Amino acid sequence: MRHPLHSICPYFAMFPESFVAEQLFAYTRPNELVFDPFCGRGTTVLESLLNDRRAIGSDINPVAACVAGAKAQVPDLLHVLQQVDELEKSYHSSDHDAVAQSEFFQMCFHPETYSEVTFLRDNLDWRNSSVHRFIAAVLLGILHGESHRSALALSNRMPRTISTKPDYSVRWWKKHGLNPPRRETFKILREAVAFRYSRVPPRKQGVVVEADSRTAGDRFLNFQGQVSLVVTSPPYLDTTDYSEDQWLRLWFLGGAERPATRLNRDDRLTVVGDYWVFLQDIWAGIVKLLRPEATIVVRIGGTRLSKEDLFEGLQTGLQFAMPNRKIRPLHQGRSSEIAKRQTNSFRPGTKSDRMEHDFAFRLG
Ligand SMILES: C[S@@+](CC[C@H](N)C(=O)[O-])C[C@H]1O[C@@H](n2cnc3c(N)ncnc32)[C@H](O)[C@@H]1O
């Protein structure tokens, strides 16, 4: 049975935990350190911890940092529930009575739900407290969704995967005559939290940082030279815009009231040459963390790049970034069709390459 912590919050192009487990068993032993420099919702980190490996991850997107960070340091259930009680008490004793100004927020959340959600948005110190981070991550997973089907979704009807844009959402809700349901945020939050603990959380704890992974070598000073295995999936060429597709969750974490500009200049890479330079800079940025004989496993896809292009681009980039190491491919790449719920489900209708490929390299 799948660990319920894995599905706290959907994420773009997430890979399945079975893929990570295969790599862990093939290339590591218990207690060895595993790293994902594009950790997304934290599949590598959580699966490693569940399998008695140590784990670290980094990602530039605050949604990823929050969700993966929550999985890396799962607090005691009792502490989480106590904190929810305290937040609810202070909500009721405060004079917080936020009224949605924009048409989008008026139609997205019921007025009372909006007031509760904005209170939590203002009061969760998710970057500094693991308990607050866990609560925030659970909220991100229920913030929007198919509320006609799920009693946990706090919003008017919206996909759970991506946040639709404000103007489009308003038009759609009006066209279908949809009003936001009243959801009792604190009550639902408790239910959603309890479900995540229906299986025992990992005994080990990991570390996730919100960072551009080109700087990861210096962000994880305590782990330099210790990583045995990297299991990662970089952004695919042409695939998605990470800030736009998650804009409502980013808003909840303190971001703007409308889809913001990109998180960084590489958010949606469309030029092949720039793509390889970007990845090469990432490898150069993480090399300090790697053990002399580390293994690097990369799942990658994307329009316009064939399996051969990807293999060569990865191998050349790794070699260039690590001139003192010998880079040896462990196989020529294994291909699989992109699962329905992965990349293409975020951009229905795009003519994307439906294959993704796994590559493994051993350093020496
Ligand atoms: C394909 S997703 C990884 C999904 C992940 N494997 C999972 O299962 O959730 C790629 C990730 O790379 C992150 N990213 C893009 N540029 C980055 C950078 N310069 N440094 C760190 N992370 C970055 C994106 O925010 C996104 O979360």
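Predicted model: local features only at pLDDT ≥ 70, side-chain atom pairs only at ≥ 80, totals over all residues.
A polar contact is taken here as a pair of N or O atoms within 3.5 Å. On the nitrogen side of the ligand, a polar backbone atom of Ser-213 lies 2.9 Å from a nitrogen atom. The ligand has 610 Å² of accessible area on its own, and the protein covers 100% of this area.

The surroundings of the ligand comprise 23 residues. Arg-41, Thr-43 and Ser-213 belong to the closest of these, together with Tyr-11 and Asp-59. By residue class, the shell around the ligand consists of 14 nonpolar, five polar and four charged residues.

The chain is divided into two parts, of which domain 1 is made up of the segments 4–70, 206–243 and 267–363, while domain 2 spans 77–197. A distance of 30 Å separates the C-alpha centres of domain 1 and domain 2.

The interface of the domains was examined next. Contact between them involves 15 residues of domain 1 and 14 residues of domain 2. The size of an interface is often given as the accessible area lost when the parts come together. For domain 1 and domain 2, the buried area is about 1400 Å², with 69% of it on carbon and sulfur atoms.

Polar interactions also occur across this interface, where five residue pairs are found in polar contact. One salt bridge is counted between domain 1 and domain 2. A salt bridge is formed by Arg-127 and Glu-210, with 2.9 Å between the closest N and O atoms.

How values were computed. Residues numbered from 1 in each chain as written. Heavy atoms only, no water. Near = heavy atom within 4 Å. Polar contact = N/O pair within 3.5 Å; in protein donor to acceptor, adjacent residues only side chain to side chain. Areas by Shrake-Rupley, 256 points an atom, 1.4 Å probe, with all protein chains shown as cover. Nonpolar A, V, L, I, M, F, W, Y, C, P; charged D, E, K, R; others polar. Domains from an automatic or database assignment. Contact = heavy atoms within 4.5 Å. Buried area = accessible area lost by both parts, 1.4 Å probe. Salt bridge = Lys/Arg side-chain N within 4 Å of Asp/Glu carboxyl O.
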